[in-house]
Amino acid sequence: MTFNWILATLAAVLIIAGLSFYLGRLLWLIQQQKLKQQQVVDAKNTDLTQSIVLIAKAMREEQCELSEGALRIWVLLDHLQLPNKPNAVQTYPGLFKMYDVVKDMPTHQARKERDKKEIRHLDHLREQAEIDLKAEIMADVHKLLEFFQNSK
């Protein structure tokens, strides 16, 4: 009976050791997976940040229309995954207002398929919004550039 007890205890110890090793391996694999995921997120954020800064600089230098820049930046900001990411609607109201004006306007082939009168009307709305929101947008561009220069 003592021998059976020793064998049972030894078997239990081996089972517990095996399960502990297996659990440790699983935890290590999870940690490695999280690390790889964070590296992917960091690389994506770097690309998005570079694009946002490039577009913002082009807007600041008036090499990019404000409406196009606002539309592009807004989409990029939406995909950005930062822990200290500000609320874009509150932080960049000018960009949001411009984005809100142009987000549903047709582009590319859809624009070509529209009536010329309708396109002129939409262009007028977009151009007027660029004029009306220019000061706000440029202030937001300055804030964006400052934010990304300080977050490096």
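1. Helix α2 contributes the most to the lining of the largest pocket, with four residues. Helices here are DSSP runs (H or I, at least four residues), numbered from the N terminus. This is a predicted model in which local features need pLDDT of at least 70, side-chain atom pairs count only at pLDDT 80 or more, and totals for chains, interfaces and linings use all residues. Residues are numbered from 1 along each chain as its sequence is written, and side-chain values use heavy atoms, leaving out hydrogens and water.

2. The largest pocket holds about 350 Å³ of space. A pocket is an open set of points on a 1 Å grid over the protein atoms alone, with protein on both sides within 12 Å along at least five of seven lines; lining residues have an atom within 4 Å of a point. A volume is the space filled by probe spheres set on the points, which are joined across faces, edges and corners.

3. Of the 14 residues lining the largest pocket, Glu68, Leu71, Pro106, Thr107 and Arg126 lie nearest its centre. The elements giving two or more residues to this lining are α2 (66-79), α5 (108-112) and α6 (116-150).

4. For a look inside, turn to the cavity. The structure has one cavity of 30 Å³ or more, a cavity being a set of points where a 1.4 Å probe fits but cannot get out. The largest cavity contains about 40 Å³ of space. Its lining residues are Leu77, Leu80, Lys85, Pro86, Ala88, Tyr92, Phe147 and Phe148.

5. Leu10 sits in helix α1 (residues 2-60). Leu10 counts as partly exposed because its relative accessibility is 47%, between the limits for buried (under 20%) and exposed (over 50%), with a 1.4 Å probe and protein chains only.
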